[in-house]
Amino acid sequence: MLKVGLTGGIASGKTVVGGMLVSLGAHLVQADRIAHELMLPGQSVYNEVVRHFGGGILNPDLSVNRAKLAEAAFGSAATSAESKPSRVLELNRIVHPAVIRSQEEWMEEMGRQDPHAVAIVEAALILEAGAEKRFDRIIVVTCSDEQRIARFAARQKIDLEAARKEVARRMAAQLPDAAKIKAADYVIDNSGALDHTMSQVREVWAKLHAESASRRA
């Protein structure tokens with residue numbers, strides 16, 4: 001089995017690329033989905049997050065309000081840059097170990113089901129969490145800053161100026177694209193049309209599939 005990490009900055013198009021890889025035959029799990037499940041009421045991660053960030057991050061039904069948690073972790077427009085990292089790191093220390101354990105369990109299960117699988121974990125903070133050594137290959141998805149802002153604005157249904165500020169705050173907690181690219185085995189530029197992205201994905205998939213095949217030869 002080949003273990004692959006799929007990462008990139010906010011709104012770079014990781015999920016789009018992940019879906020393309022799945023259409024070609026890859027198995028994929030999203031770290032964000034794992035984190036969602038771990039932060040359901042009753043889970044130990046949920047309890048720790050609420051204990052550290054307070055009941056203000058909860059909806060009336062006691063589920064975690066993702067927007068309020070993001071504001072608590074990354075800061076609001078009035079929050080100073082100096083105070084942001086400590087809260088982000090605090091959240092990461094709670095969530096990352098549990099997410100990584102779940103990812104490992106998922107990859108082990110994929111290996112049992114299909115020893116020849118290409119198992120992909122889509123996660124924004126693979127490199128920031130120091131988890132890259134858990135994978136055989138790393139794929140980084142990139143795009144232009146303006147596209148990132150426009151995509152985030154559309155996704156969150158906010159105006160471009162608000163999106164620009166929010167993307168800047170969140171990117172401050174992530175490695176810059178240049179550092180991600182330096183650590184990557186493969187880079188997919190998602191700045192152009194989807195057809196161009198797909199052609200790159202096909203090229204990468206061919207290499208991943210061939211490597212997986214060579215491991216079982």
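In helix H4, which spans residues 66-74, the buried residues are Leu69, Ala70, Ala73 and Phe74. Because the arc that these residues cover around the axis is only 110°, they are placed on the same side of H4. An α-helix has 3.6 residues a turn, so residues three or four places apart point the same way. The model described here is a predicted one.

Both ends of H4 show local features of the backbone and side chains. At the N-terminal end, H4 is capped by asparagine 65, from which a side-chain oxygen lies 3.1 Å from the backbone nitrogen of alanine 67. At the other end, H4 is followed by glycine 75, a residue whose phi is positive, near 95°. In the loop that lies between helix H3 (44-53) and H4, leucine 62 is found, and the phi of leucine 62 is likewise a positive value, near 75°, in a residue other than glycine.

Two packed helices are described by the angle between their axes and the distance between the axes. For H6 and helix H7 (residues 160-171), the axes come within 8 Å and cross at roughly 110°. An angle from 65 to 115 degrees counts as roughly perpendicular, and H6 is therefore roughly perpendicular to H7. The crossing of these two helices, H6 and H7, is right-handed. On the H6 side, the residues that meet H7 are Glu146, Arg148, Ile149, Ala150, Phe152 and Ala153, and their partners in H7 are Leu160, Ala163, Arg164, Glu166, Val167, Arg170 and Met171.

Within this pair, alanine 150 has its place in helix H6, which runs over residues 145-156. Alanine 150 has a relative accessibility of 38% and therefore counts as partly exposed. Although alanine 150 and valine 167 are 17 residues apart in sequence, their C-alpha atoms are 10 Å apart in space. The loop between H6 and H7 contains lysine 157, which has a positive phi of about 60° although it is not a glycine. Because its relative accessibility is 75%, lysine 157 counts as exposed.

When residues up to four places away in sequence are not counted, lysine 180 touches Thr7, Gly8, Gly9, Ala124, Leu127, Glu128, Val140, Gln174 and Leu175.

Methods:
Residues numbered from 1 in each chain as written. Predicted model: local features only at pLDDT ≥ 70, side-chain atom pairs only at ≥ 80, totals over all residues. Heavy atoms only, no water. Contact = heavy atoms within 4.5 Å. Helix = DSSP H or I, 4+ residues; strand = E, 2+ residues; numbered from the N terminus. Buried < 20%, exposed > 50% of the residue type's maximum accessible area, 1.4 Å probe, protein only. Arc of directions from axis to C-beta. Polar contact = N/O pair within 3.5 Å; in protein donor to acceptor, adjacent residues only side chain to side chain. Axes fitted to C-alpha atoms, helices over the stretch in contact; angles between N-to-C directions. Parallel < 35°, antiparallel > 145°, perpendicular 65-115°, else oblique. Left-handed = near helix turned anticlockwise from the far one by under 90°.
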